[in-house]
Amino acid sequence: MAIMAGFILGFLILLTVNYQQALAGILIIFKGGLNKGLAGMGQVLYYATPIIMTGLAVGFAFKTGLFNIGASGQFSIGAFAAVYVGVNLKGLPASIHWMVALLASLLAGAIWGFLPGFLKAVRNVNEVITSIMMNYISMSAVNMLVKATVYNKYKNESLPVMASANVPKWGLDKIFPYSSMNGGILIVLIFVVLVYVILEKTTFGYELKACGFNLDAGLYAGINAKRNIVYSMMISGALSGLGGGLLYLSGSGKYIKVIDLIANEGFDGISVALLGMSQPFGILAAGIFIAYIKVGGFNLQLLNYDQEIINIIIAAIIYFSAFALLFRTRLLNLFSGREKIVSEGFVEADLAESAENKIEEGIEK
Amino acid sequence: MSYIIEMRQITKSFPGIVANDDVTLQLKPGEIHALLGENGAGKSTLVSILFGLYKPDSGQILIDNEPVEIRNPNDANALGIGMVHQHFKLVHNFTVLENIVLGVETTSRGFLKMEEAKEKVLELSQKYQLRIDPDALISEITVGMQQRVEILKMLYRDNRILIFDEPTAVLTPQEIRELMKIMRELTAEGKTILFITHKLNEIKEVADRCTILRKGVKVATVDVPTTDKTEMSRLMVGRTVNFQVAKPEQELGEQILRVENLVVKSPTTGKNLVNDISFSVAKGEIVCIAGIDGNGQSPLVYALTGLLSIDGGRIYYKGQDVTNLPTKRKTELGFAHIPEDRHKHGLVLDYRLDENLVLHSYNREPFSNRGFLKFSVIENYARELIGKYDIRSALGGRTKARSMSGGNQQKAILARELDLDPELLIAVQPTRGLDVGAIEFIHEQLIRQRSADKGVLLVSLELDEVLDVSDRILVIFEGALVADLDPKEVTVEELGLYMAGLKVGAEFAR
């Protein structure tokens, strides 16, 4: 429903921009990745890889009662760490070079997540604010570090990593020819399962969710909530950082550009997490879906449309799904007669909306 | 006979449950009509239908003998029906006056005309003896005054049928007495009151007639003056209820808890919330901390259980210094805690019942192994506790705690805490908001702990409970203990004097 409404709005926009091509345009979006057969699908999965990771990061934190809006910063710093190791760490066997690089991105992201978590735990500083600030610090720090260490001054971007640092393709490039497809998506799948298992099957996840749902009850049960906040932000940051690593070690000719722009993948992660209801498998599906229509949006340029239109459509879909959520909690409320749920529905919707505003900001930038 | 309101043969079902089954409710003009029933008996549903929050599946509502359709609270308002909800619906950063006129503001060309409104409000407050300060902020006034604001809201809208949904649950004994007086005055002025409660004393004191619901069915409508409490409770619960708790003699064992000069300061004002408190609890003893709400009971309990840090004094458990041990260690040593607020502390409402039942023990064998939860074991354990403590819910262990009734939530907490087999049970208002059947059950469980030679520290605001259940009463006033009393010797009046701080026991004078 929400998705349909989003597309209808998108269609209207296409109509207003250029009515002659609108029908063809919306069809291209629908076809999305399928436009070019398997190559297109490979491209979809390639785009989905980083945003599923940032989506997992945001969703994981959200499940534990934290709003990690700093996925972008963690993503960028993770990307830098991976590229640094990929360019400079010589003499490692090819089979483990990429693993070390990914591990570096994971750790860098975890450190970036640690700070807001630590401040939240010891001084109760709102993690939304600190993690936004961390986004800017990350952006500037990465620009500075790239210039200082792995700078390609002719192109104003990072140097290419060694071939051994790229994530192996494991034959996926054969299945999806002519695409930027690589093994990253398989690593993502492993992490989707891993996050699911941690949240749903372990005592650690039980503690994290208990504190997320009701901090007072968590404290009452004697759970060390402060420690868990730090762990949760670190894990969230690590997931995000790994997303950065996976994107820039994909061997697709992507380099870290030295520009004053906060990585969009982090904000996409918020959309993905919202659309996937913070459930790991939901996030997987949402990530692929958003990547799918993004590829469609990329193809829109064939018809002289701006690529940005697809961002508007995605934003619309998220808006409508937030409304759907609100509507559903209202209906539930009618059945169960609990007015409390309504107010909580509002909080959720508020949260969703504030997240969207952030996304919009990101898009504007 | 003419009725002001008639709800005829109302039936309303929700998925899996018939909340009201062919219920008929008739209110005479100018009476106080009580609606009595256990938790989950269908009282709230029936009233919600009257107030337009639900639509009945079948049945008819007549007001002044005219059939009406009430689709939403605005319809109800237009028909002169007003309601004071159990949880007040007030805007906290608005003044009393602004809250009263909210929605029916008098305006002139888009500008508020508060002066006129203020006059009318003051007039009403004079007429009905509802003392309020129209310019005070809601967040700064007492709960009792907030309730008066709610009542004024109804009067300001010229409502003539007033619904009170469990109005006394949040009030102190003094405020309850005042409310009863107000209710009588309102009826004297021609208003009709529907009074929802499960407290028999209050019905006996103020109501004219009483309709009793049990499991969604109307059992009877009785005249209150000619029906005694035992009869009403029998109708409500379906069996005879013991009001007097049977308490066998019990030898006191050795000391289990000793508190010495405990001090807890407020983090914001630096005031002593708990002011130099010393006492002890022995095995086989129920010690009750009595007092008016907000006199330091909560910080005392939080300090004992490790939820709040301590600014002075020591706590000994079986002779061991446990002053600064974290909550988890205390639970492992044998503390159990039934918290005063079951939603805030007691339960993770978005967790399922079975997940809530292992809130302390989830990380121990057999519920988990190397960090992984064993759901089949947890489910079996939940099934066992659900049977043993008669916890009722729609889907058993899989029910979300949020969707359970208050009484069953409390039973779940009780089951979890007692199944820890604690040496020391700290129970804070364990019967708050529960009906007589559930209260009886919980009191039995407390006595059973005592008979098993365990220590019980009970914090209660209910005087009946204090006098019936405990072996020793400690009265707390403004953070300090003011008396150590024997419940067999003390009277309610005397206890009231201590609680109000008008009397201090000889050994506590300073």
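In this predicted model, the contacts of A:Ile52 reach well beyond its own stretch of sequence: leaving aside residues up to four places away, A:Ile52 touches A:Ile185, A:Val188, A:Val192, A:Ile283, A:Leu284, A:Gly287 and A:Ile288.

The largest nonpolar core has 76 residues, and within it A:Ile52 and A:Leu56 touch the most other members. Helix H3 of chain A, residues 37-63, gives this core its largest share, namely 10 residues. In soluble globular proteins, nonpolar side chains tend to be buried together.

Helix H3(A) also packs against another helix of chain A. Two packed helices are described by the angle between their axes and the distance between the axes. For H3(A) and helix H11 of chain A (residues 225-248), the axes come within 8 Å and cross at roughly 175°. An angle over 145 degrees counts as roughly antiparallel, and H3(A) and H11(A) are therefore roughly antiparallel to each other. On the H3(A) side the contacting residues include A:Tyr46, A:Pro50, A:Met53, A:Leu56 and A:Phe60. Those of H11(A) include A:Ile235, A:Leu239, A:Leu242, A:Gly243 and A:Leu246.

Chain A as a whole contains 15 helices and 2 strands. Of its 365 residues, 53% count as buried. Among contacts in chain A with a separation of 6 or more, 76% are accounted for by residues 24 or more positions apart. The chain exposes about 15800 Å², of which carbon and sulfur atoms supply 67%.

Chain B holds an open sheet of 4 strands, arranged in the order E2-E1-E4-E5 with antiparallel pairing. Strand E2 (17-27) and strand E5 (66-68) of chain B each have a single partner strand, so one side of each is left without a neighbour in the sheet. From one strand to the next, the twist averages 30°. Strand E4 of chain B (residues 58-63) is joined to the antiparallel E5(B) by 3 bridges, and B:Ile63 stands opposite B:Glu66 in E5(B). Helix H1 of chain B (residues 43-50) packs on the sheet, where it touches strands E1 (5-14), E2 and E4 of chain B. The direction of H1 makes about 120° with that of E1(B).

Some backbone details remain. Most residues other than glycine have a negative phi, and most peptide bonds are trans. The peptide bond from B:Glu365 to B:Pro366, however, is cis, with omega near -5°. B:Pro366 lies in the loop between helix H12 (353-357) and strand E19 (368-369) of chain B.

B:Gln429, with a phi of about 40°, is found in the loop between strand E21 (424-428) and helix H15 (436-451) of chain B. A:Asn124 is exposed, with a relative accessible area of 60%, whereas B:Gln429 is buried, at 8%.

Note on methods: Residues numbered from 1 in each chain as written. Chains lettered and ligands numbered in written order. Predicted model: local features only at pLDDT ≥ 70, side-chain atom pairs only at ≥ 80, totals over all residues. Heavy atoms only, no water. Core = buried A, V, L, I, M, F, W, Y, C linked by side-chain atoms within 4.5 Å. Buried < 20%, exposed > 50% of the residue type's maximum accessible area, 1.4 Å probe, protein only. Contact = heavy atoms within 4.5 Å. Pairing = 2+ DSSP bridges. Axes fitted to C-alpha atoms, helices over the stretch in contact; angles between N-to-C directions. Areas by Shrake-Rupley, 256 points an atom, 1.4 Å probe, with all protein chains shown as cover. Parallel < 35°, antiparallel > 145°, perpendicular 65-115°, else oblique.
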